[in-house]
Amino acid sequence: MTAVTPEIQQRAKELRQLVQKASYAYYVLDAPLMEDTVYDRLYRELQDLEIQHPELVTPDSPTQRVGEKPATQFTSVRHNIPLYSLENAFNMEELAKWQERWQRHLPPNSPFPREYVCELKIDGSALALTYENGILVRGATRGDGIAGEDITQNVRTIRSIPLRLNLETPPPMVEVRGEAFLPIDVFEEINQERLQGGELVFANPRNAAAGTLRQLDARIVARRRLDFFAYTLHIPGKDDADVVRTQWDCLELLQSLGFRVNPNRKLCASIAEVGNYYNEWDTQRRNLSYMTDGVVVKLNSLPLQEQLGFTQKFPRWAIALKYPAEEAPTRVLDITVQVGRTGALTPVAELQPLQLAGTTVARATLHNSDRIRELDLHIGDTVIVRKAGEIIPEVVRVLPELRPSGTTLFQMPAHCPVCGSQVERELGEAVTRCINSSCPAILKGSLIHWASRNALDINGLGEKLVDQLVERGLVRSVADLYDLTPQQLDSLERFGAKSAEKLVGAIANSKTQPWSRVLYGLGIRHVGSVNAQTLTQNFPTVEQLAGATVANIAGVYGIGPEIAQSVWDWFQIESNQTLINRLREAGLQLAELVKTQTPPTSQPLSGKTFVITGTLPTLKRDEAKELIQNAGGKVTNSVSSKTDYLVVGEDAGSKFAKAQDLGIKQLSEAELLQLLSF
């Protein structure tokens, strides 16, 4: 093997730059710089150099897009910034109501401009990309918005995602959000290949994109030629106003950084202009090379976005204006009523099965009695069904001219169809509820929610098992789960000694889940997983939350009066207080692991700034960050002269070298814990 001379190093650098530039022009700008044969020759020359001199290989080299070994599994990773979903509007009237809602959250005579940016809503899979010092270090799926799966190896195969940002001096960290998708012609090719191979075809490009991203072998992902549009940029530790002040400028900056940004975007001065854009693309979208199911409307001003903030689930400053979904007629064979974990009675239309948007539909939600009355729905009616958001089937309208004689309007039952108790409908609510807290349907729903992935994550506690536990009287509340023995479970249908031991173990392991998951698992109305985390950050113990006033709770950023009232009401119910006591006795986590009541003056890390780099031996990075913050310290992403300590783990990056240059004290995990007096 020959030595690496300066000339070879320079040639490798030139080749990397040439190939990266050509890839950007071809895959992002759709304006090729050179013939394919020239590109192939340059790529092969770079590849040969790196084979001869492995030390020349860099993480951002174009040759490193496809890993050689398939992954064994995907690991879960927490997003640095939550990925909120978007509220939907399905017509201009709903869009106007959205505008009224966000305007009510602004003070009078607000100086912010009221422009909107319209972008086509790509029908694919959302990705979160993280760049450190300009290099792509992580690509993750959206997951539940709080955590997703690390699919970096697969993300690197998408050629419209740069491995290195197009910046001479990039920030320490950049977060980019966007949509991975399959072009329609590629989707059709894949399905044709699957048909020829005797495999099931994908129902639509969105499913195909999601399935592709979860392939363990990156070489398969590369062959499927996913594409990507970027739409959000955030630089942690830096105000957006220091970089750009509008969403439009953000998109322009993303493109200059090397990302593909949808060219069919428009800056609109009014809702009327948004409507024109929406109507224009309702026809033109059928000529696109990718699937789009609507328009994303965002307020252009980033300071205005910051001021408006978020609801429980959505940003107030953005909405998805969806196009009408595929519709088809069918007949209502029956109407059944389901009872959920909050006691809500939901009527469901049992349909003559039909094909809709690539799937077989046999049931459709009717929401509530008001909706049935509005539709004037009778059993036996012929109805038009569509998929709301192309996911949830719903009845759109009835065709009364096809109604059989002798039918009557469906009426909601006066008693719970499960337990027979009286049902109630509160003033101002559209939902009818069973108010019997002992109703088996409510209990079953509560148990399934408690065991769900985002709550206590009890593997093996599924719907069929829950049915048996409730029907045999073994469980009457979630607290009873922690009293179950293998002997009790062993008697259940299709349950043996080994599976009984395994489930009891999984239930016992759930005791280690943090306070935020327990709060979410309690199933308090309006408290989703994101709000549960927000609440537990501000009320680190159950006693603090239970003793808080409605005003205290509503004063937390992101928690409104409705959520606050719901939380306060829940803790006033005696049976819920009993449940909390039983969970405490069972050993559940009803407080943060580190007490935060210590006065600020005695907090050991008060006023100190930390940066964490590398993989720590036992602590996850988020856990270390939480420990530091609870002890009064501050954790930032980048090393500077203001940094007091660098916490160093294995595979420390460039932060380690910079800390050495600045003379910043470095700590191991053990030294950090000693500093915290653990």
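Contact here means heavy atoms within 4.5 Å. Helices (H or I, at least four residues) and strands (E, at least two) are DSSP runs, numbered from the N terminus. The model is predicted, so local features need pLDDT of at least 70 and side-chain atom pairs count only at pLDDT 80 or more, while totals for chains, interfaces and linings use all residues. Residues are numbered from 1 along each chain as its sequence is written, and side-chain values use heavy atoms, with hydrogens and water left out.

**View 1. Helices H3 and H10 in contact.** Met 92, Leu 95 and Gln 99 of H3 meet Ile 271, Val 274 and Gly 275 of H10. The axes of H3 and H10 (residues 271-284) come within 11 Å and cross at roughly 145°. Axes are lines fitted to C-alpha atoms, for helices over the stretch in contact, and angles run from 0 to 180 degrees between N-to-C directions. The crossing of H3 and H10 is right-handed. A crossing is right-handed if the near helix is turned clockwise from the far one by less than a right angle, and left-handed if anticlockwise. The residues of the contact between H3 and H10 comprise four nonpolar, two polar and no charged. Ala, Val, Leu, Ile, Met, Phe, Trp, Tyr, Cys and Pro count as nonpolar, Asp, Glu, Lys and Arg as charged, and the others, Gly among them, as polar.

**View 2. The aromatic pair of Trp 98 and Tyr 116.** The structure holds 13 aromatic pairs. In the pair of Trp 98 and Tyr 116, the ring centres are 6.0 Å apart and the planes stand at 50°, so the pair is tilted. Rings of Phe, Tyr and Trp (its six-membered ring) pair if their centres lie within 6.5 Å; planes under 30 degrees apart count as stacked, over 60 as edge-to-face and the rest as tilted. Trp 98 belongs to helix H3 (residues 92-104) and Tyr 116 to strand S3 (residues 116-122), so the pair ties together parts that are 18 residues apart in sequence.

**View 3. The open sheet S5-S4-S7-S8.** Four strands form this sheet, with antiparallel pairing. Strands pair if DSSP finds at least two bridges between them. Strands S5 (135-141) and S8 (227-234) stand at the edges with a single partner strand each, so one side of each is left without a neighbour in the sheet. Direction ignored, neighbouring strands of the sheet are turned by 30° against each other on average. Between S4 (residues 125-132) and S7 (residues 173-181), which run antiparallel, there are eight bridges. Glu 132 stands opposite Met 173 in S7. Helix H6 (residues 205-213) packs on the sheet and touches S4 and S7, its direction making about 40° with that of S4. Helix H9 (residues 247-256) lies across S7 and S8 and runs at about 125° to S8.

**View 4. The hairpin of S12 and S13.** Strand S12 (residues 327-339) pairs with strand S13 (residues 345-356) in the antiparallel sense over seven bridges. Val 339 has Leu 345 in S13 as its bridge partner. Five residues lie between the two strands, and Gly 343 in the turn has a positive phi of about 90°.

**View 5. The crossing of helices H13 and H14.** The axes of H13 (residues 440-451) and H14 (residues 463-471) come within 10 Å and cross at roughly 135°. That makes H13 oblique to H14. Angles under 35 degrees count as roughly parallel, over 145 as roughly antiparallel, 65 to 115 as roughly perpendicular and the rest as oblique. The crossing of H13 and H14 is right-handed. Residues in the contact include Leu 443 and Leu 447 of H13, with Val 466 and Val 470 of H14. By class, the contact of H13 with H14 has six nonpolar, no polar and four charged residues.

**View 6. Helices H21 and H22.** The axes of H21 (residues 561-572) and H22 (residues 574-586) come within 5 Å and cross at roughly 80°. H21 and H22 are therefore roughly perpendicular to each other. Trp 570, Phe 571 and Gln 572 in H21 meet residues of H22, among them Leu 579 and Ile 580. The contact of H21 with H22 has four nonpolar, three polar and one charged residues by class.
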